[in-house]
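Hi everyone, thanks for coming along. I'd like to walk you through one structure today, so please have a look at the screen.

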Amino acid sequence: MATNDYESGLKMMEELTTDAQQIQDQLLGEILSKNAETEYLHGFLHGQTDKQLFKKNVPIVTYEHLKPYIDRIANGEASSDILLVEPLTGFSLSSGTSGGLPKLIPTTAENAHIAATFNKLYRSVMIKYFGDINQAGKRMELMFAKPEVETPSGLKASAVSTRAFKGSGFKAILPKLYTSPFETIFCPDTKQSMYCQILFGLIRRDEVVMIGSIFASTVVRSIKFLENNWKELCSNIKTGQISEWITDSDCRNAASLILKPNLELADLIEDVCSCKSWERIIRKLWPKTKYIGTVCTGAMLQYTAELEFYCGGLPLVSGFYACSEGAIGINLEPLCKPSDVCYTFLPNTVYYEFLSIKEDCVTDSQNQVQLNAMSHHEDTGPVDLVNVKLGQCYEVLVTSSMGLYRYRVGDIIKVTGFHNNTPQFQFVGRQNVALGVDMERTSEADILKAVAEAKALLNPLGLILTEYTSYGDTSSTPGHYVIFWEIKPKEGNNNNKNGKELDPKVMEECCSKMEDSLHFTYRMYRKENMIAALEIRVVKQGTFEALLDYFVSKGASLSQYKTPSCIKSKEALSILDSRVTAKFFSPRTPIQDN
Ligand code: AMP
């Protein structure tokens, strides 16, 4: 991007955020007038396009409500008669986020146009803070394409990230700007893909100026993969031969072009990786890295401590907030701490409305929002983008050119400020990702906060909690919360620390600490014995990898995968349960508020 392009991007950002209301109204007007005669909208608006009528008549819906319409399109009926007039170019497969199945979201050419504008704005902000990294070197971004699925209509469905990787523009810039060859991104075997992408990142370590992946969990996973495989990777670099188990012929061909025997490089990497502590490992292996570009907010906050340990002070940049349903917000202060990140919503991508959340949003000492139960809304109707209130939490609704009308994205956000006339939001968590064994409801953010407080007790023991998830066990009465923990030692990667060697006292205190940190209703129910003691089940190292493999086999895109905060599926539960090495229960009732 030339200097004047990036300046024009920043200027555009100022204009958009200044004229937010007008842009939003215009966007809604365009969407309604284009699609007023579709079966869906006509049923509510009878051909009219008035904003007030839209708000009065068109229902607020979830995916399940639109699904029958979308399924008809996927099965071959004309989309223009049903939901949206603009011709479809395919469907996005949303990752289904926390626990659900992938959703099909219609996509159009307009979509690609909106995404291009979003990228331009995002890049402009990044250039302002980090310079043009395209000129400085290469990005080592871990990217995983997922095979497209053909719907009966002949239209293809693919993850948004896969569609981006497939674009001709991306393919053209890939060799110059990224360390991963195209073939490795498209390798259907994710283990081979990961191995090769790390191998190429190591070979090109001197050129790497940025490391990242869409979500922080993938960056952490790749470092763990390196911990387990660095000896083999070094041996490949030493001999110039890729391991036999890399059977994907495209990956092997790509390797044959790049991999040459390099004893010096192999020795250097071996030296770094055989250090007792992996603290600052990213800086040591890739010394020119300027920042780690990856989403660290929401459920991804749990990975930041580990990432900070590995990257030794490099900025962790959560650049944007986007989903299959729309490109939503950009972080205008990429150097701020992950816990302080807020996203400025772009008024030109989708039309937003915000359903205010009834529960009090409390900000704790780490500036983290916690919501006790997120399923209740204020009785007032949803508000427009420019009318949200500072400090208030909302659920996001979008109306878009993709045939989504007053659609609940399922994310909860909190207003933290304004940029010109446009609000900025902190990402709080997913709606409806709740644990509950009685009448209480515990949100994703509640679990995250409780785990954060409890895992601090592992620090003095030199242990790190690498992954967690939760489950509401009602197989006995009263039911209780089960939190699965995967733990590893901070230093020395060969010394597997599984449940057996853990100090039961510390682990029980972790259980109690979690209970102390949970919300009032939970603690009250616990005291009254309506909920039994919280349990931590420690699982073998590699368990969450197996969980990921399971979700990927069920259709999740690896690039967009997020470990579910709460397990609902029986199969997923049995994967976790079959790898449990120790169980610990809270020995006391939680501390009650005065
Ligand atoms: P997908 O369904 O695969 O399109 O994933 C989109 C979902 O990922 C969003 O609805 C959010 O729940 C989550 N997500 C996306 N960007 C962020 C972000 N910056 N911070 C936290 N969560 C995010």
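Let's start with E353, which counts as buried because its relative accessibility is 0%. Before I go on, please keep in mind that this is a predicted model.

What does the side chain of E353 meet in a salt bridge? The partner is K55, at 3.2 Å from N to O. E353 sits in strand β12, residues 351-356, and K55 in helix α4, residues 51-57, so this pair ties together parts that are 298 residues apart in sequence.

Now a second pair, R408 and E395, whose side chains form a salt bridge of 2.9 Å, N to O. This one links distant parts of the chain, with R408 in strand β17 (residues 407-419) and E395 in strand β16 (residues 393-399), 13 residues apart. Are these two buried or exposed? E395 is buried, at 1% relative accessibility, while R408 is partly exposed, at 22%. The cut-off that matters here is that buried means under 20%.

How many salt bridges does the count come to? The answer is 26. Another one of them is between the side chains of E39 and R72, at 2.8 Å from N to O. Here E39 belongs to helix α3 (residues 39-45) and R72 to helix α5 (residues 63-74), so the bridge ties together parts 33 residues apart in sequence. E39 is partly exposed at 37% relative accessibility, and R72 is partly exposed too, at 26%.

A bit of background first: in soluble globular proteins, nonpolar side chains tend to be buried together. In this model, the largest nonpolar core has 70 residues, and those with the most contacts inside it are L202, L226, W278, I282, L285 and W286. Which helix gives the largest share of this core? That would be α13, with 10 residues.

Not counting residues up to four places away in sequence, L285 touches L202, R205, L226, I269, V272 and C273. Apart from this core lies another one, of 50 residues, including L28, V61, Y352 and F427.

Next, helix α17, which covers residues 304-311. Six of its eight residues are buried, so α17 is largely enclosed by the rest of the structure. The buried ones are T304, E306, L307, F309, Y310 and C311. What do they pack against? On the helix side there are α13 (216-239) and α16 (281-285). On the strand side there are β7 (291-295), β8 (316-317), β19 (463-473) and β20 (480-489). Look also just after α17, where G312 takes a positive phi of about 50 degrees.

For helix against helix, I picked α12 (residues 190-203) and α14 (residues 249-258), which pack at an angle of about 10 degrees with their axes 11 Å apart. They are therefore roughly parallel to each other. From α12, the residues C196, F200 and I203 meet C251, A254, A255 and I258 of α14.

Q424 is in strand β18, residues 422-430, and counts as buried at 13% relative accessibility. Its side chain makes a polar contact of 2.8 Å with the side chain of T344. Leaving aside neighbours within four places in sequence, the contacts of Q424 include L332, C342, Y343, K414 and H419.

The other is N134, found in helix α8, residues 133-136. N134 is buried, with a relative accessible area of 14%. Its side chain makes a polar contact of 2.8 Å with the side chain of R139. Setting aside residues up to four places away in sequence, N134 touches R123, R139, K176 and L177.

That's my tour, and I'm happy to take questions.

Note on methods
Residues numbered from 1 in each chain as written. Predicted model: local features only at pLDDT ≥ 70, side-chain atom pairs only at ≥ 80, totals over all residues. Heavy atoms only, no water. Buried < 20%, exposed > 50% of the residue type's maximum accessible area, 1.4 Å probe, protein only. Helix = DSSP H or I, 4+ residues; strand = E, 2+ residues; numbered from the N terminus. Contact = heavy atoms within 4.5 Å. Polar contact = N/O pair within 3.5 Å; in protein donor to acceptor, adjacent residues only side chain to side chain. Salt bridge = Lys/Arg side-chain N within 4 Å of Asp/Glu carboxyl O. Core = buried A, V, L, I, M, F, W, Y, C linked by side-chain atoms within 4.5 Å. Axes fitted to C-alpha atoms, helices over the stretch in contact; angles between N-to-C directions. Parallel < 35°, antiparallel > 145°, perpendicular 65-115°, else oblique.
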